Amino acid sequence: MGQKTGYDSMLIVPSDIAMLDPAEFVALMSAANDASVVIAVAKDGGTNALLTSPPDAIQFEYGCDSASAHQANALNNRLACRSLHLRNLALDIDQGDDLNVAVTRQPERFKAWRDNGATLMKTTLIKERHYA
């Protein structure tokens, strides 16, 4: 993929990350100076950001504990790998409690959820997913 597109690297960030912090992305990019695979580990051991160089350096994994699988894929391909535990990138919105943490950390950004969250959760607009 990398050679076909002409890109040296690829950064994947899932859309359910509650808060994006530019400083954490600087940390990801800095770690890429010494590693072909950089993982921002989610609170459940998943992957909340994945930076690979080249873009097709490893096979991508999903769900809980995918960070360990990405690290193993990198090691199997003899690639340097760094796992980062970053405060904001560790938080994704998988469950109702995750949303409560996001509301607490950034009340103005999540004002609508703070004001209407209890009502919205009761009407099942939020579907919790538990990984097996």
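S66 is buried, at a relative accessible area of 3%. Buried here means under 20% relative accessible area, exposed means over 50%, and partly exposed is in between, with a 1.4 Å probe and protein chains only. This is a predicted model, where local features need pLDDT of at least 70, side-chain atom pairs count only at pLDDT 80 or more, and totals for chains, interfaces and linings use all residues. Residues are numbered from 1 along each chain as its sequence is written, and side-chain values use heavy atoms, with hydrogens and water left out.

Back to S66. S66 sits in helix α3, residues 66-76. Helices are DSSP runs of H or I with at least four residues, strands are runs of E with at least two, and numbering starts at the N terminus. Leaving aside residues up to four places away in sequence, S66 touches G45, G46, T47 and E61. Contact means heavy atoms within 4.5 Å. With T47 there is also a polar contact, side chain to side chain, at 2.9 Å. A polar contact is a pair of N or O atoms within 3.5 Å; within protein, one must be able to donate a hydrogen and the other to accept it, and residues adjacent in sequence count only if both atoms are side-chain atoms.

Now the whole chain. Five helices, four strands. The order along the sequence is α-β-α-β-β-α-β-α-α. Of the 132 residues, 36% are buried.

Next, helix α2, residues 22-31. Which of its residues are buried? E24, F25, L28 and A31. Down the axis of α2, these fall within an arc of 120°, so they line one face of the helix. That arc is taken over the directions from the helix axis to the C-beta atoms. P22 and V26 are exposed on the other side. The cover over the buried residues includes β1 (10-12), β2 (37-41), β3 (47-52) and β4 (81-84). At the start of α2, a side-chain oxygen of D21 comes within 3.0 Å of the backbone nitrogen of A23.

Last, the cores. A nonpolar core is a set of buried Ala, Val, Leu, Ile, Met, Phe, Trp, Tyr and Cys residues joined through side-chain atoms within 4.5 Å. The largest has twelve residues, among them I17, F25, L28, A31, V38 and L84. Two or more residues each come from α2, β2 and β3. Helix α2 gives the most, with three. A second, separate core has nine residues, including L50, A57, A67 and L79.
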